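Dear colleague,

I am passing on the structure we spoke about, together with some notes on what turned up in it. Please look it over before reading on.

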Amino acid sequence: NMLQAKRDELNEKEHVIDELVGTRKRIEESLKEQIASQQIKIEDMEGRLKVTFVDKILFDSGSADVNPRGKELLLNFAESFKSDSEHYIAVEGHTDNVALGPKLQNRFPTNWELSTARATAVVRFLQDEAGLPAQRLSAAGYGPYHPVASNESEEGRSQNRRIEIILVPIQS
């Protein structure tokens, strides 16, 4: 029966949206201080939820190891959607366009490597420490090529240095 199939599909979509609304509320609750101080931003993007972390609350400068404060935040964050089985978690690393210093270039020849290493570090942490299922996680590095602000100012550059975690509905 086609009508029933359509109804089921709509109910499923509504369920996924409700799940996302609930997840968003839990995230806002668990990270409210960081949201208030603009270190974390939450945005709805057509059925997806994007949570942006300013890089310095997760990583020390030039490092791809999640710092202790970052670990605490990511654990709280992961707790918010542990029960949500409707979404993939895509982690994206972004940088500004300033070349890395000679010291760092041994480890990360360019910003591509740094952004990818950071995204991977977050994914590994979410899997190993927060217990999220690996098959729902992915990591990508975009280097400086998806800026959200101008790299002409320090403020713009600091907005571009970020980790975005996007909750994407699992298409059934």
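**The largest pocket**

The lining of the largest pocket draws at least two residues from each of β1 (40-45), β2 (48-54), α6 and β5 (162-169), where helices (H or I, at least four residues) and strands (E, at least two) are DSSP runs numbered from the N terminus. This is a predicted model, in which local features need pLDDT of at least 70 and side-chain atom pairs count only at pLDDT 80 or more, while totals for chains, interfaces and linings use all residues. Residues are numbered from 1 along each chain as its sequence is written, and side-chain values use heavy atoms, with hydrogens and water left out.

A pocket here is an open set of points on a 1 Å grid over the protein atoms alone, where a 1.4 Å probe fits, with protein on both sides within 12 Å along at least five of seven lines, and its lining residues have an atom within 4 Å of a point. The largest pocket holds about 360 Å³ of space, the volume being that filled by probe spheres set on the points. Its lining has 17 residues, with Gln38, Lys41, Thr52, Val54 and Gln159 lying nearest the centre, and β2 gives the largest share, 4 residues.

Isoleucine 165, leaving aside neighbours within four places in sequence, is in contact (heavy atoms within 4.5 Å) with residues including Leu49, Phe53, Leu74, Phe77, Val91 and Val122.

**Two single residues**

Histidine 94 lies in strand β3 (residues 87-94) and counts as buried because its relative accessibility is 4%, buried meaning under 20% relative accessible area and exposed over 50%, with a 1.4 Å probe and protein chains only. Beyond four places in sequence, histidine 94 touches residues among them Ser115, Tyr142, His146 and Glu164.

Glutamate 152, in the loop between β4 (137-141) and α6 (154-160), is by contrast exposed, because its relative accessibility is 72%. Glutamate 152 and aspartate 96 are 56 residues apart in sequence and 9.9 Å apart in space, C-alpha to C-alpha.

With best wishes
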